[in-house]
Amino acid sequence: MKNKKVILLFIYIAFMIIVSVITFSVENRLWRYDKYVHFFEFFILAVLIANIFLAKLNSKNFILIMLLITFIAFLDEGIQYLIPARSADINDLYPDLIGGYLGLSIMYILKDKLNG
């Protein structure tokens, strides 16, 4: 069961990297939803990571996962900075981190119920 969770997490991270690397044209008025996409992208990421460590989700692991989410958020923007047709935006980090931290916090609060 844990292997399936890890595979799902890696597939999701691969998807995040692909979306960060590819360039695509989107109608300008759709960019107003950009911050929501960043929020939910990292919310889902945090839930997937926390789900793997649910049985051992103590305060130490909580902080380690927060650091991992922070690293991935900076890495995501760094990848976009290196791609010529993309641009990094420091303001995208805020919804990334808020979404990730909220997803992780919800999993931490619900860990006993989810562990069964």
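Colleague: Why does Asp 76 count as buried?

Modeller: This is a predicted model, and the value comes from its atoms. Asp 76 has a relative accessibility of 6%. Buried means under 20%, so Asp 76 counts as buried.

Colleague: Where is Asp 76 found, and which residues does Asp 76 touch?

Modeller: Asp 76 is found in helix α3. Leaving aside residues up to four places away in sequence, Asp 76 touches Met 16, Ser 20, His 38, Glu 41, Phe 42 and Asp 96.

Colleague: What makes α3 roughly antiparallel to α4?

Modeller: Helix α3, residues 59-82, packs against helix α4, residues 93-115, at an angle of about 155 degrees. Angles over 145 degrees count as roughly antiparallel, so α3 is roughly antiparallel to α4. Their axes are 10 Å apart, and α3 passes α4 in a right-handed crossing.

Colleague: Which residues make that contact, and how do they divide by class?

Modeller: On α3 they are Ser 59, Phe 62, Ile 65, Met 66, Ile 69, Thr 70, Ala 73, Phe 74, Asp 76 and Glu 77. On α4 they are Leu 93, Asp 96, Leu 97, Gly 100, Tyr 101, Leu 104, Ser 105 and Tyr 108. By class, the contact of α3 with α4 has eleven nonpolar, four polar and three charged residues.

Colleague: Which residues form the contact of α2 with α3?

Modeller: From α2 come His 38, Glu 41, Phe 42, Leu 45, Ala 46, Ile 49 and Ala 50. From α3 come Ile 65, Leu 68, Ile 69, Ile 72, Ala 73, Asp 76 and Glu 77. The residues of this contact of α2 with α3 divide into ten nonpolar, one polar and three charged.

Colleague: Why are α1 and α3 called roughly parallel?

Modeller: α1 and α3 pack at an angle of about 30 degrees. Angles under 35 degrees count as roughly parallel, and α1 and α3 are therefore roughly parallel to each other. Their axes are 8 Å apart, and the crossing of α1 and α3 is right-handed.

Colleague: What makes up the contact of α1 with α3?

Modeller: Met 16, Ser 20 and Val 21 of α1 meet Ile 72, Asp 76, Ile 79 and Gln 80 of α3. The residues of the contact of α1 with α3 divide into four nonpolar, two polar and one charged. Asp 76 is listed in the contacts of α3 with α4, with α2 and with α1.

Colleague: What makes the pair of Tyr 12 and Phe 15 tilted?

Modeller: A search of the whole structure finds four aromatic pairs. In the pair of Tyr 12 and Phe 15, the ring centres are 6.3 Å apart and the planes stand at 35 degrees. Centres within 6.5 Å make a pair, while planes under 30 degrees apart count as stacked and over 60 as edge-to-face.

Colleague: Buried or exposed: what are Tyr 12 and Phe 15?

Modeller: Tyr 12 has a relative accessible area of 15%. That is under the 20% cut-off, so Tyr 12 is buried. Phe 15 has 49%, and exposed needs over 50%, so Phe 15 is partly exposed.

Colleague: Why does Ala 88 count as partly exposed?

Modeller: Ala 88 has a relative accessibility of 36%. Buried means under 20% and exposed over 50%, so Ala 88 counts as partly exposed. Ala 88 lies in the loop between α3 and α4. Not counting residues up to four places away in sequence, Ala 88 touches Glu 77, Gln 80 and Tyr 81.

Colleague: What is the pattern along the sequence?

Modeller: The protein follows the pattern α-α-α-α, with four helices and zero strands. Of its 116 residues, 35% count as buried.

How values were computed:
Residues are numbered from 1 along each chain as its sequence is written. This is a predicted model: local features need pLDDT of at least 70, side-chain atom pairs count only at pLDDT 80 or more; totals for chains, interfaces and linings use all residues. Side-chain values use heavy atoms; hydrogens and water are left out. Axes are lines fitted to C-alpha atoms, for helices over the stretch in contact, and angles run from 0 to 180 degrees between N-to-C directions. Helices (H or I, at least four residues) and strands (E, at least two) are DSSP runs, numbered from the N terminus. Angles under 35 degrees count as roughly parallel, over 145 as roughly antiparallel, 65 to 115 as roughly perpendicular and the rest as oblique. A crossing is left-handed if the near helix is turned anticlockwise from the far one by less than a right angle, and right-handed if clockwise. Contact means heavy atoms within 4.5 Å. Ala, Val, Leu, Ile, Met, Phe, Trp, Tyr, Cys and Pro count as nonpolar, Asp, Glu, Lys and Arg as charged, and the others, Gly among them, as polar. Rings of Phe, Tyr and Trp (its six-membered ring) pair if their centres lie within 6.5 Å; planes under 30 degrees apart count as stacked, over 60 as edge-to-face and the rest as tilted. Buried means under 20% relative accessible area, exposed over 50%, partly exposed in between (1.4 Å probe, protein chains only).
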